[in-house]
Amino acid sequence: MTSVAADAPVLPVLLIAGLGLIIGVPALVVICQVLIQGSFEQVVSASPAIVLTTAMTGFVMVSNTGGLATVPELGKLIGVVVFTLSLGVAVYANERVDRSWLRYLGFAPVLLVTAIIILSGIAEIETIAGGLYAATQLAVLGVAAYTYNETESLFVPALAYTSLLLANRTVVFVFEAGMQNW
């Protein structure tokens, strides 16, 4: 659900968008890069950390109501806990088990939870436009993770999140308020 009426004045829309940026961008940077990507970088190397960060933040932060959520839903948080526990099992098996086939078996819970997360995400997509919208958000999350890894600066991911949030708000305003008047 969005919140732009047919004849909405521009100033309140800009005020709401500005407040959303002031609160949303720092929250996204802290959650996605500092907490999630920083944690993954301590466990795995840079490239897997980028992929895991994109997948995890895509699962947790992409909202089915439009845009990126700054507060994840309870079910998604439970999924993160299960994924983290399964990743812990894989790391433990990799470090403590001597037999190579048991090490690979330790990654089975991670693969199972990842498959469930991916399939549940795909099942939530109802239209082609919704799929493109989700792909755009995942691309921005991936760009933010990659650029943070390359630059070690939080400014570039903040710029990516700012552009996404502004683009989302602009599209909603143009298509809901603008198109209804045509």
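Reader: What is the secondary structure of the chain, read along the sequence?

Author: One lists the elements in order from the N terminus. In this predicted model, the pattern is α-α-α-α-α-α-α, that is, seven helices and zero strands.

Reader: How many residues does the chain have, and what percentage of them is buried?

Author: Burial is judged by relative accessible area, with under 20% counting as buried. The chain has 182 residues, and 34% of them are buried. As for contacts at a separation of 6 or more, 66% join residues 24 or more positions apart.

Reader: Which residues have the most contacts inside the largest nonpolar core?

Author: Such a core is a set of buried nonpolar residues joined through their side chains. The largest one here has 30 residues, and Val25, Leu28, Phe40, Met56, Leu68, Phe83 and Tyr161 have the most contacts inside it. At least two residues come from each of helix 1, helix 2, helix 3, helix 5, helix 6 (128–151) and helix 7 (155–180). Helix 1 gives the most, with seven residues.

Reader: With which residues is Met56 in contact, leaving aside its neighbours within four places in sequence?

Author: Contact is a matter of heavy atoms within 4.5 Å. On that basis Met56 touches Ile36, Phe40, Val80 and Phe83.

Reader: What span does helix 3 reach from its first C-alpha to its last?

Author: The span of a helix can be set against the value expected at 1.5 Å a residue. Helix 3, with 23 residues, reaches 33 Å, close to the expected 33 Å. Its buried residues include Lys76, Gly79, Val80 and Phe83. The buried residues of helix 3 pack against helix 1, helix 2, helix 4 (100–106) and helix 5 (108–124).

Reader: Which residues are closest to the centre of the second largest pocket, and how much space lies in that pocket?

Author: A pocket is described by its volume and its lining residues. About 260 Å³ of space lies in this one. It is lined by 16 residues, of which Ser39, Phe40, Met56, Val80 and Thr84 are the closest to its centre. Helix 1 (10–43), helix 2 (46–61) and helix 3 (74–96) each give two or more lining residues; helix 3 gives the most, with seven. By class, the lining has 13 nonpolar, three polar and no charged residues.

How values were computed: Residues are numbered from 1 along each chain as its sequence is written. This is a predicted model: local features need pLDDT of at least 70, side-chain atom pairs count only at pLDDT 80 or more; totals for chains, interfaces and linings use all residues. Side-chain values use heavy atoms; hydrogens and water are left out. On a 1 Å grid over the protein atoms alone, a cavity is a set of points where a 1.4 Å probe fits but cannot get out, and a pocket is an open set with protein on both sides within 12 Å along at least five of seven lines; lining residues have an atom within 4 Å of a point. Helices (H or I, at least four residues) and strands (E, at least two) are DSSP runs, numbered from the N terminus. Ala, Val, Leu, Ile, Met, Phe, Trp, Tyr, Cys and Pro count as nonpolar, Asp, Glu, Lys and Arg as charged, and the others, Gly among them, as polar. Buried means under 20% relative accessible area, exposed over 50%, partly exposed in between (1.4 Å probe, protein chains only). A nonpolar core is a set of buried Ala, Val, Leu, Ile, Met, Phe, Trp, Tyr and Cys residues joined through side-chain atoms within 4.5 Å.
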